[in-house]
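My entries follow the order in which I looked.

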Amino acid sequence: MAVVDVPRLPFRPARTPRPSRPAGPSSVAAASAARRREPAPRRRALAGAPARRDVFVDAVRALATLAVLSVHWLMPEVTWDGERLGIGNALAHGGAWTLTWVLQVLPLLFFAAGASAAYQLWRPGTARRPDGAARLPGAGRQAAAQGLVAAGWDVVRRRMPRIWKPVAAFVGAWAVAAVVLVAAGVPETAVLQVARIAPQLLWFLGVYLLLLAVTPALLQAYRVWGWRMVAVVVAAPFLVDVLRFAAGVEHVAVTNVLLGWAVPYVLGIVYVDLVRRDALPARRTLALVATGALAAMASLVVVGPYPLSLIGMPGDAISNLGPPTALAVTHAVLQVSVALAVRDVVVRWAQGRGAVLVGWVAGRSMTLYLWHLTAMFVVLGVVLLGLGTPLPASWSADWWASRPLWFGAAALVLGALVLAFGRFEAGAPRRAGARGVPVSSGGRAPSTAGGAASRPAPARARVPAGR
């Protein structure tokens, strides 16, 4: 991200204007003309109309969700000898690791989550002051810390109903399915192997809830320190890696499970601040940041000890995701920079040809995430156990030729699972409540913005120079 000095401005309440003399006809006409010159979304905000969703955040979440499905559906390299499943990874061969640098998009999911959380706390009723900061008592550090903790758990409490229902349905369905499959004669060893893999996706929700709980504290820190706070967040996972690999303090690595994913999450919060002030960095600045991040990734791989793949592979001494390493953090900065650089293109696509896709995925993103591996397991089970047909060798001509059929079959099964379990994510439609928080028909946290974020991305000529 470009260096922008935003110390405290976005969090200060608006100043009370000084009393002035009664406006004469000329001043009233000038004020009316000024209001007419305001962009349409700004006029609606001034009139008290609810802000629209930030389609860029929705599009990033939707595209990242589809990329996660794609990379996981490319990975299976499975054999069945009648007693045990042999599980490998098709991306572990040759130069397939390059795909992980493109399709490993978990940073973008955390970026979208951070932006959505920031929009939720930046309620229309507190235009310049996020909810977490507004709740802070003013009587000393201890009271302020207690206020931050209370605000954080309040945010989690509000989000939990939209999380635990899909998760409970997923866990319950898998518990029943495991018993039914074994009773139906499916080999128990295969069922147990698959049943151990399917719930591994839940780690994402655990990290997300922890980050959600500390969001008010992150907002408060950003209010006080601005970009210095962002620099500290980015540097923390690097320090952990120094302690882990240079000093041999291996047990500190677990802290990067939170610190590593906090980087794109905080960048999502910063994005909301910049977009509300119409101060997004210019494309040239973002391109320089992305280029620097790519060069840093190459240097880290050369210096070591980081493997090339951004996904854990068989035979690698360490995984760049378990927990996230400095290479994964640098990759997060790269992906967010590239996403922001093409924001205008993404917004135009999401408001045009991609509107239906973005809307459909946005309303079912958690269901798609939770069940996409299950859909893949169903296809694998039918092919290997049901038909007794081995999978083609990875990257062979048969493998390439079967990919459309493979993705099509997995998509059909996933579509059926979404029809069956999507109701647990959708919930009941909600209207804006007394607090004026706009909520989507799916009942999920808004990614709305009053002002710049609620209209198509501004032309680059309108972005302040040097930001």
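Below are my notes, one topic at a time.

**Ground rules.** I worked from a predicted model, in which local features need pLDDT of at least 70 and side-chain atom pairs count only at pLDDT 80 or more, while totals for chains, interfaces and linings use all residues. Residues are numbered from 1 along each chain as its sequence is written, and side-chain values use heavy atoms, with hydrogens and water left out.

I took buried as under 20% relative accessible area, exposed as over 50% and partly exposed as in between, with a 1.4 Å probe and protein chains only. This core has 120 residues, and Phe56 and Tyr271 touch the most other members. Helix 18 (residues 365–386) gives the largest share of the core, 13 residues. Helices (H or I, at least four residues) and strands (E, at least two) are DSSP runs numbered from the N terminus.

I then listed contacts (heavy atoms within 4.5 Å). Leaving aside neighbours within four places in sequence, tyrosine 271 is in contact with residues including Phe56, Phe111, Tyr119 and Arg343.

**Alanine 113.** I found alanine 113 in helix 5 (residues 106–121). Alanine 113 counts as buried because its relative accessible area is 11%. Not counting residues up to four places away in sequence, alanine 113 touches Tyr208 and Tyr265. The C-alpha atoms of alanine 113 and isoleucine 269 are 8.9 Å apart, although 156 residues separate the two along the chain.

**Largest pocket.** I used a 1 Å grid over the protein atoms alone; a pocket is an open set of points where a 1.4 Å probe fits, with protein on both sides within 12 Å along at least five of seven lines, and lining residues have an atom within 4 Å of a point. Which residues lie nearest the centre of the largest pocket? They are Ile197, Gln200, Leu373, Met376 and Phe377, out of 49 lining residues. Helix 18 supplies the largest share of the lining, 11 residues. I sorted the lining by class and got 39 nonpolar, 9 polar and 1 charged residues. For this, Ala, Val, Leu, Ile, Met, Phe, Trp, Tyr, Cys and Pro count as nonpolar, Asp, Glu, Lys and Arg as charged, and the others, Gly among them, as polar.

**Salt bridges.** I counted 4 salt bridges, each a side-chain nitrogen of Lys or Arg within 4 Å of a carboxyl oxygen of Asp or Glu. One of them joins aspartate 58 and arginine 61 at 3.2 Å, N to O. Both of these residues lie in helix 3, 3 residues apart, and both are buried. Another joins arginine 283 and aspartate 344, with the closest N and O atoms 2.9 Å apart. This pair links distant parts of the chain, helix 14 and helix 16 (residues 343–351), 61 residues apart. Arginine 283 is partly exposed at 37% relative accessibility, whereas aspartate 344 is buried at 6%.

**Backbone.** Most residues other than glycine have a negative phi, and most peptide bonds are trans. I noted a cis bond from glycine 304 to proline 305, with omega near 5 degrees, and a cis bond from glycine 322 to proline 323, with omega near -5 degrees. Aspartate 278 has a positive phi of about 55 degrees, and tryptophan 395 has one of about 70 degrees.

Definitions and conventions. A nonpolar core is a set of buried Ala, Val, Leu, Ile, Met, Phe, Trp, Tyr and Cys residues joined through side-chain atoms within 4.5 Å.
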